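Please keep the sequence and the model in view while reading.

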Amino acid sequence: MSAKPAAEHAVDHDAAMLLAIEQSQRVKGATYPNPPVGAVILDRDGAVVGVGGTRPAGEAHAEVVALRRAGELSAGGTAVVTLEPCNHHGKTPPCVDALLAAGVAQVIYAVEDPNPAAAGGAARLAEAGVRVISGVQAKAVTTGPLREWLHKQRTGRPHVTWKYATSIDGRSAAADGSSQWITSEAARADLHRRRAAADAIVVGTGTVLVDDPTLTARLPDGTLADRQPLRVVVGRREISADARVLNDDSRTMVIRTHDPAEVLRALSDRTDVLLEGGPTLAGAFLRAGAIDRILAYVAPILLGGPVTAVDDVGVPNIARALRWRFDTMEQIGPDLLLSLVPH
């Protein structure tokens, strides 16, 4: 930015962090193996003079992108970042170095970096005389774009989201097996946006044999999104060489197993995994305790019939029900999107 914005355009720290979260969301899915971080630079008067998100691996991190856009206006200003600035040399120099070189007076971040190799940025900034504030909008960051990356850092395994569409009576298809379309166009567009940010989509061979899906991420006009997740087919049954999941739209991995643990080991280099299989595969992952989040698109229709969203989950009685809690709820077109995490 070449001209300094008027002082009346100053924003508070919460608003600046929400803008940083927006930048983080924009780059989600394109930064692997780095986290999708967002950053905002405020000048001395609190006006936004630079924004940015982490670039693909080997390129600039969010703080550096935002500082470049702010230029000299960052001196004496504030850096607002979704994750504690890194303090290690990887493919790029530490972000702490860039912040100190720019002369920022204050750094605000939401979440501490759980990676021991990269942590320590806040302490180094404080030692250099920079005022450091942590925890701003931490919940919005940990349940937002950094959810999956933070999970991978804590557990060492991919974060698995089971996504499904259902009627209000819990049916994933009509009695004759037809399921297109239970939910609205708006809900499908939301799903494709999430696919484009994911590292992998997992389905069973049964889904491939019955539905012949492409499992791609598409834009509202029907064209392929720039980024496509790895397509993963799980099961022992053979699928046709002409199956659409094997086309050239994206890469595909076939894993000959019914064991969720084996699937996750095969995807150990991934962070954000979407489980979109049918009721059998979903039941297997639930029984194994391998699902970290549920995304249920619920349409205001009634279907009845025998086709439920999930098969046996290993619950013999109500006392041993798998307990989840609502994380978020939002309306998308005529449908509801329910996000749930383990209780």
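Gly71, whose phi is positive, near 60°, follows helix α2, where helices (H or I, at least four residues) and strands (E, at least two) are DSSP runs, numbered from the N terminus. The model is a predicted one, in which local features need pLDDT of at least 70 and side-chain atom pairs count only at pLDDT 80 or more, while totals for chains, interfaces and linings use all residues. Residues are numbered from 1 along each chain as its sequence is written, and side-chain values use heavy atoms, with hydrogens and water left out.

Helix α2 itself, residues 62-70, is mostly covered, with 7 of its 9 residues buried; buried means under 20% relative accessible area, exposed over 50%, and partly exposed in between (1.4 Å probe, protein chains only). Those buried residues are Ala62, Glu63, Val64, Val65, Ala66, Leu67 and Ala70, and they pack against β1 (38-42), β2 (48-53), β3 (78-83) and α3 (95-102), with contact taken as heavy atoms within 4.5 Å.

Helix α1 holds Ala16, which is buried because its relative accessible area is 1%. Beyond residues up to four places away in sequence, Ala16 touches Val11, Val40, Leu42 and Val80. The C-alpha atoms of Ala16 and Ile108 are separated by 9.6 Å, although the two residues lie 92 places apart along the chain.

Which strands make up the open sheet, and in what order? Its 8 strands follow the order β9-β8-β7-β10-β6-β11-β13-β12 with mixed pairing, two strands being paired if DSSP finds at least two bridges between them. At the edges stand β9 (252-255) and β12 (324-332), each of which pairs on one side only. Neighbouring strands of the sheet are turned by 20° against each other on average, direction ignored; axes here are lines fitted to C-alpha atoms, for helices over the stretch in contact, and angles run from 0 to 180 degrees between N-to-C directions.

Within this sheet, β6 (residues 159-167) and β10 (residues 272-275) pair in the parallel sense over 4 bridges, and Thr161 stands opposite Leu274 in β10. Helix α6 (residues 147-155) lies across β6, β10, β11 (293-299), β12 and β13 (335-342), and runs at about 135° to β6.

The loop between β6 and α7 (185-197) contains Thr183, which counts as buried because its relative accessibility is 11%. Leaving aside neighbours within four places in sequence, Thr183 is in contact with Ala165, Arg188, Tyr297, Ala299 and Asp335.

Two spaces in the model are set side by side below. On a 1 Å grid over the protein atoms alone, a cavity is a set of points where a 1.4 Å probe fits but cannot get out, and a pocket is an open set with protein on both sides within 12 Å along at least five of seven lines, while lining residues have an atom within 4 Å of a point. Grid points are joined across faces, edges and corners, and a volume is the space filled by probe spheres set on the points.

| Second largest pocket | about 640 Å³ | Gln25, Lys28, Gly144, Arg193 and Arg194 |

The elements that give two or more residues to the lining of the second largest pocket are α1 (13-27), α6, α7, β10, β11, β12 and β13.
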